[in-house]
Amino acid sequence: MRSDIAVDEVHYLGWGEPLLHPNFRDLVETVRALSPGTIQEVTTTGNADFRASLGGTYIDRVVVSCDGVRQEEYQKYRINGSLEEALRFMRDAKLHGHPDTFVEWKYILFDGNDHPDDLIRAQVLADEFGLDSLLFIVTNSKTRSLRYTNDTMAEIPIRSRRTKISPAAAMMIGSRVSGHVDPARSQLGDRENASLYIDECRVTRGNMLTVSGWSLGADGSYVDEVELIAGSHRQVTQTHDLRHDVAAARSNAQGARCGFLFRVPLGGQSMPDALALTVRLRNHTQDFSAAVQWPAAG
Ligand SMILES: C[S@@+](CC[C@H](N)C(=O)[O-])C[C@H]1O[C@@H](n2cnc3c(N)ncnc32)[C@H](O)[C@@H]1O
């Protein structure tokens, strides 16, 4: 049955395992047929055969929960789970999946899987498999990592441009300081090859710099990636977030999927007063810069 209600996104997750559904592929294809613009994301243990469960189907995002790179640690949380299968699933998702499917390895830091060697190993594997993202999550649950917390997550060794760090959703509440982007000293907006606007620049708990905005190519097409340099920090992201306001205001916009969000743990470093951003498009790049003013301390 067709509905007049527009659905932005469908996430298959909850407390179950979506890929245990014998006809998971049919769900994805039914949603695609009824509502081609809806973004579909599945979160899975990846303890499945990729080709048997998702091969030949286009799904926008595949998130694989895989907390560890050693079986003895992995199985503490994933009872009877197979690390080997989860790794193979991620590799196959890039090897045999649709080329536009975004594949993310979600790695929650617990008290046994958080050794720096393990985190470096995960980054080597993520590069080897060509994953789009490796997300380390700092959590506050009982068996959380004590090595990497909200206050120390900037110490996580970063070896890959695919690596991102984020606190678990439940930890993101708390104090925040908003910065003001000074337009007179910034180079943002519509430029030769691309447009980029920053909507918000703030620092949240754990000294986490959060920068959100949107970007599109000059012809309205989606950009390949956006890179942020803030002090000694460098991070790359894609424009995943839906911005219907931008799509409505820009008649040539390819679609609403043009929003970006950076989360950069600053550690002991102070709030950066300059941001450099580079937008990469198929045949071009475009540089932007932002001067940020922060409220005076005290
Ligand atoms: C419960 S799972 C269900 C979906 C799927 N079976 C899976 O394991 O990814 C949903 C999400 O909860 C997350 N999760 C599980 N334990 C967690 C914890 N202690 N702290 C934060 N997130 C957790 C998983 O990483 C996953 O992304």
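Me: Where is the place of Val-69 in this predicted model?
Reply: Happy to start there. Look at two elements of the predicted model: strand β3 covers 61-65 and helix α3 covers 71-77. Val-69 sits in the loop between β3 and α3.

Me: Is Val-69 buried or exposed?
Reply: A residue counts as buried under 20% relative accessible area. Val-69 falls under that cut-off because its relative accessible area is 15%, so Val-69 is buried.

Me: Which strands stand at the edges of the open sheet of six strands?
Reply: Good one to trace by eye. The order is β1-β2-β3-β4-β5-β6, with parallel pairing. An edge strand has a single partner, so one side is left without a neighbour in the sheet; here these are β1 (9-12) and β6 (163-167).

Me: Which strands of this sheet does helix α5 touch?
Reply: Neighbouring strands in the sheet are turned by 20 degrees against each other on average, direction ignored. Helix α5 (residues 116-129) packs on the sheet, and its direction makes about 175 degrees with that of β4. The strands touched by α5 are β4, β5 and β6.

Me: In the open sheet of five strands, which are the edge strands?
Reply: Follow the order β8-β17-β16-β12-β13, where the pairing is antiparallel. Five bridges join β12 to β13, and Val-226 stands opposite Thr-237 in β13. The strands that pair on one side only are β8 (180-181) and β13 (233-237).

How values were computed: Residues are numbered from 1 along each chain as its sequence is written. This is a predicted model: local features need pLDDT of at least 70, side-chain atom pairs count only at pLDDT 80 or more; totals for chains, interfaces and linings use all residues. Side-chain values use heavy atoms; hydrogens and water are left out. Helices (H or I, at least four residues) and strands (E, at least two) are DSSP runs, numbered from the N terminus. Buried means under 20% relative accessible area, exposed over 50%, partly exposed in between (1.4 Å probe, protein chains only). Two strands pair if DSSP finds at least two bridges between them. Axes are lines fitted to C-alpha atoms, for helices over the stretch in contact, and angles run from 0 to 180 degrees between N-to-C directions. Contact means heavy atoms within 4.5 Å.
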